[in-house]
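Please read them with the structure open.

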Amino acid sequence: MRTVRRLPLVLGMVVVGFAVLVAIFGPALVAHDAFTQNLAHRFVPPEWLAGGSPAHPFGTDQLGRDYLARLVLGVRISLMIGLTAVVLSGLIGTTLGVLGGYFGGWVDAVVMFIVSCRLAIPIILVALTVVFLVGSSLTVVMLTIGLLLWERFAVVSRSATRQVASRDYVAAAWCAGCSRRWIVLGEILPNIVHHLIVVATVDMAIAILLAAALSFLGLGVPPPMPDLGLMIAEAKDYMFFKPWVIEIPGLALFALVLGINLLGDGLRDLLGGESGG
Amino acid sequence: MRVIRSREGGPYTVLRFLLRSLLLGALVCGTVLIASFLLSRASGNLAINIAGPEASAAAIAKIQHELGLDRPLPVQFYDWAARAAHGDLGRSFLFHEKVSSLIATHFPVTFRLGVFAIVLALVIALPLGIAAALVEGTVFDIAIGAVALLGQAMPSFWLGLLLIIWFGIDLHWLPIAGVESWTGYVLPSFVLSFVAIPVILRLTRSGMVDAMRADYVRTARAKGLSRASIVLKHALRNAAMPVVAVSAVQLGFILGGSVVVEVVFNIHGLGYLAWESIGKGDFPVVQAVVLLFSLIFVGLTVASDLVSALLDPRVRGA
């Protein structure tokens, strides 16, 4: 039973660890370039299907670009979006949540009001609008998602801060003459950080899925970048005859997000954090 | 009017609770209104979008004047908000139709899709959640938890495309696009229900686990009631309340997120309309759709607050 309980953490660490290695070293190791087109070699099937060749283990796309090279770069793009979005939304959400939870009263009311407003807006439509207005690029997608996805950090850090702020050691620090800044940074933050780590994994998974959806809808990472959502969008006109063109990038995206979620679940069991979902 | 006591003590009424929650909702809607207005005007290239990139400066200025875009922002906002309050959401730049009638024709499709999706989510997640709670800690429990994890990680547009290939092309069971007959709703509602399934499943499971350990269930057992009666009548009734409240909020998320599924299945609902309008810079439509989704979300949140306040004896002051 113990080993079954630890399974999510181990599986998650393996998948995410592999993805990180692929994202860092993969593009340098793959034989082909992700952007080089070869119209004579369009839709070469993956190696395990009839007509596949070992030169292109995952086949080639509608422009004859090597699918493996694009996939590897796609994982790098997804992880970059996930990390940046989580850092940005973590800063915004934790600041709001800790302020609301620590000061209470009208500060808390304002924070909760901002969170309510954020929850009320349909995030994907607003993200699409922003990307359309500012112009699509990887940076714009990362920033847009980071600026929109902080509500879970705010809610969790607020409730965790409220719990921690009523503990004796915070009162003791206050009596010892510690400044508010020290109490927040030195006493409260270290004691809520395990909650934040779990939220970070949840939000990273959501950010990656959201970015892929934006790319799929044509207002995310722009072509010719090999974003996984964009690869599916570009391949979907051919999926009726060659289902593998959408199965391969979709499976990669699914596995990556599943790995991050498993890691989050495992960490929650280990650290006792809450996801706020 | 029933006088109730909050957990902190002090009498206050259901009416006051409702008013407070409505006031907060109205404030949220107002803020979203201003934010969506500012967002649509932030670009400043609305007239260029309509006139086209090759238009002369004079033509652009003319369009700007006709649409009132050359006036100060607060004036534009006041004008828009005052008209919107009377149900006049302006005219679409590109469809040459009233925004309100565009929304009236597109909304029912999205609404049906959302309701089917949340019903489907409940039908799938409730029994699974109850089953997981009853076999808590066993391999079955973990397997059901894995279902929730898989659902959470599934990219909805990818699942939609796979289902189109499997059920639409390979098996010829269901239509692959549009909602001309009710069968067109099956696949898109199923994909949309994945938004809510993990949340409802986990909440049902944890609620049932708590309920099965509670004193009233032990009493019911001691009375010799049947297992079915204990689970369905005593435990589920208590565990279901937060699930009902959360389902309302999840319906709001489903509606706001329907754009992806509507595009995949080529369903001309509100999400599809918004997507088309965003891509063409038709901001009166975008603004109205965003606002409508926000209003619906706030309405559902207030309703769910109220329902849980009315149902929860701790809030009602039993």
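1. Surface of chain B. Chain B exposes about 15,500 Å². Carbon and sulfur atoms supply 67% of that area. Bear in mind throughout that this is a predicted model.

2. Make-up of chain B. The chain has 318 residues, and 45% of them count as buried. Its secondary structure comes to 15 helices and two strands. Among contacts in chain B with a separation of 6 or more, 69% join residues 24 or more positions apart.

3. The main core. The largest nonpolar core holds 154 residues. Those that touch the most other members are A:Ile81, A:Leu125, A:Ile145, A:Ile246 and B:Phe157. Helix H8 of chain A, residues 180-216, gives the most to this core, with 19 residues.

4. Another core lies apart from the largest one and has 13 residues. B:Ile130, B:Ala211, B:Val231 and B:Ala235 are among them.

5. Around A:Ile145. Which residues does A:Ile145 touch, not counting residues up to four places away in sequence? The partners are A:Ile81, A:Ala85, A:Ala207, A:Leu210, A:Ala211 and A:Leu214. One of these, A:Ile81, is also listed with A:Ile145 among the core residues that touch the most other members.

6. The second largest pocket. Its space is about 610 Å³. The lining has 22 residues. B:Leu67, B:Gly90, B:Arg91, B:Phe93 and B:Pro284 lie nearest the centre of the pocket.

7. Three helices of chain B each supply at least two residues of the lining: H3 (57-66), H4 (73-85) and H14 (283-311). H4(B) gives the most, with four residues. By class, the pocket lining divides into eight nonpolar, six polar and eight charged residues.

8. How many cavities of 30 Å³ or more does a search of the whole structure find? The search finds two. The second largest cavity has about 30 Å³ of space. Rolling a probe the size of a water molecule over the atoms shows where such empty space is left.

9. The lining consists of A:Asp61, A:Gln62, A:Arg65, A:Tyr67, A:Arg70, A:Met231, A:Glu234 and A:Ala235. Helix H2 (67-103) and helix H9 (228-235) of chain A each supply at least two of the lining residues. H9(A) has the largest share, three residues. By class, this lining has four charged, three nonpolar and one polar residue.

Terms used. Residues are numbered from 1 along each chain as its sequence is written. Chains are lettered from A and ligands numbered from 1 in the order in which they are written. This is a predicted model: local features need pLDDT of at least 70, side-chain atom pairs count only at pLDDT 80 or more; totals for chains, interfaces and linings use all residues. Side-chain values use heavy atoms; hydrogens and water are left out. On a 1 Å grid over the protein atoms alone, a cavity is a set of points where a 1.4 Å probe fits but cannot get out, and a pocket is an open set with protein on both sides within 12 Å along at least five of seven lines; lining residues have an atom within 4 Å of a point. Grid points are joined across faces, edges and corners, and a volume is the space filled by probe spheres set on the points. Ala, Val, Leu, Ile, Met, Phe, Trp, Tyr, Cys and Pro count as nonpolar, Asp, Glu, Lys and Arg as charged, and the others, Gly among them, as polar. Buried means under 20% relative accessible area, exposed over 50%, partly exposed in between (1.4 Å probe, protein chains only). Contact means heavy atoms within 4.5 Å. Accessible areas come from the Shrake-Rupley method with a 1.4 Å probe; for residues, only the protein chains shown count as cover. A nonpolar core is a set of buried Ala, Val, Leu, Ile, Met, Phe, Trp, Tyr and Cys residues joined through side-chain atoms within 4.5 Å.
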